[in-house]
Amino acid sequence: MNRLLATALLPLSLAAFAAGEPEINVVIEGHKFAPDRIEVPAGQKVKLLVENKDSTPEEFESASLRIEKVIPGKSKSTIYVGPLKAGEYKFIGEFNEKTANGVVVAK
Ligand SMILES: [Cu+2]
């Protein structure tokens, strides 16, 4: 490995070591998820750090992910997903289904 490449890779490996699972920030605002398309690595457990900025509670629900979790208004919650096979896994905010929906894409 040349020195340039080693220097480029070092911060990445340190970050992975320090963080454990990859972490992805998700915001609920105006009864919508942002991002509403969440890309995660397949075959790896991932940590979703979900912040509900609305004043009302929301329920992150997905039958295919087997997740059902209420996130009170103005609060943060951690949701673990995976390890997942490559594919698309829909989720909704059950309290505001019409606007709050999205998909986890594992690849
Ligand atoms: Cu539910």
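A salt bridge is a side-chain nitrogen of Lys or Arg within 4 Å of a carboxyl oxygen of Asp or Glu. By this rule, a search of the whole structure finds four salt bridges. The structure is a predicted model, in which local features need pLDDT of at least 70 and side-chain atom pairs count only at pLDDT 80 or more, while totals for chains, interfaces and linings use all residues. Residues are numbered from 1 along each chain as its sequence is written, and side-chain values use heavy atoms, with hydrogens and water left out.

Begin with the strands. Helices (H or I, at least four residues) and strands (E, at least two) are DSSP runs, numbered from the N terminus. Two strands pair if DSSP finds at least two bridges between them. Four strands form an open sheet in the order β2-β1-β4-β7, with mixed pairing. Its edge strands are β2 (32–34) and β7 (75–81), each of which pairs on one side only. From one strand to the next, the twist averages 25°; axes here are lines fitted to C-alpha atoms, for helices over the stretch in contact, and angles run from 0 to 180 degrees between N-to-C directions. Strand β4 (residues 46–52) is joined to β7 in the antiparallel sense over seven bridges. In this pairing, N52 stands opposite S75 of β7.

Now return to the salt bridges. R37 forms one with E39, their closest N and O atoms being 3.5 Å apart. R37 also forms one with E88, where the closest N and O atoms are 4.0 Å apart. This second pair links distant parts of the chain, since E88 is in strand β8 (residues 87–93) and R37 is in strand β3 (residues 37–40), 51 residues apart. E39 in turn meets K107 in a salt bridge of 3.6 Å, N to O. K107 lies in the segment after β9 (101–106) and E39 in strand β3, so this pair ties together parts that are 68 residues apart in sequence. Together, R37, E39, E88 and K107 are linked in a network of salt bridges.

How open are these residues? Buried means under 20% relative accessible area, exposed over 50%, and partly exposed in between (1.4 Å probe, protein chains only). R37 is partly exposed at 41%, as is E39 at 42%. E88 is exposed at 56%, and K107 is exposed at 59%.

The aromatic residues come next. Rings of Phe, Tyr and Trp (its six-membered ring) pair if their centres lie within 6.5 Å; planes under 30 degrees apart count as stacked, over 60 as edge-to-face and the rest as tilted. The count comes to three aromatic pairs. One of them, F33 with F60, is edge-to-face, at 5.7 Å centre to centre and 80° between the planes. F33 lies in strand β2 and F60 in strand β5, so the pair ties together parts that are 27 residues apart in sequence. F33 is buried at 5% relative accessible area, and F60 is buried at 0%. F60 also pairs with F91 in a stacked arrangement, 4.7 Å centre to centre with 15° between the planes. F33, F60 and F91 form one aromatic cluster.

Finally, consider S62, which is found in strand β5 (residues 58–62). S62 counts as buried, at 2% relative accessibility. Leaving aside neighbours within four places in sequence, S62 is in contact (heavy atoms within 4.5 Å) with I67, K90 and F91.
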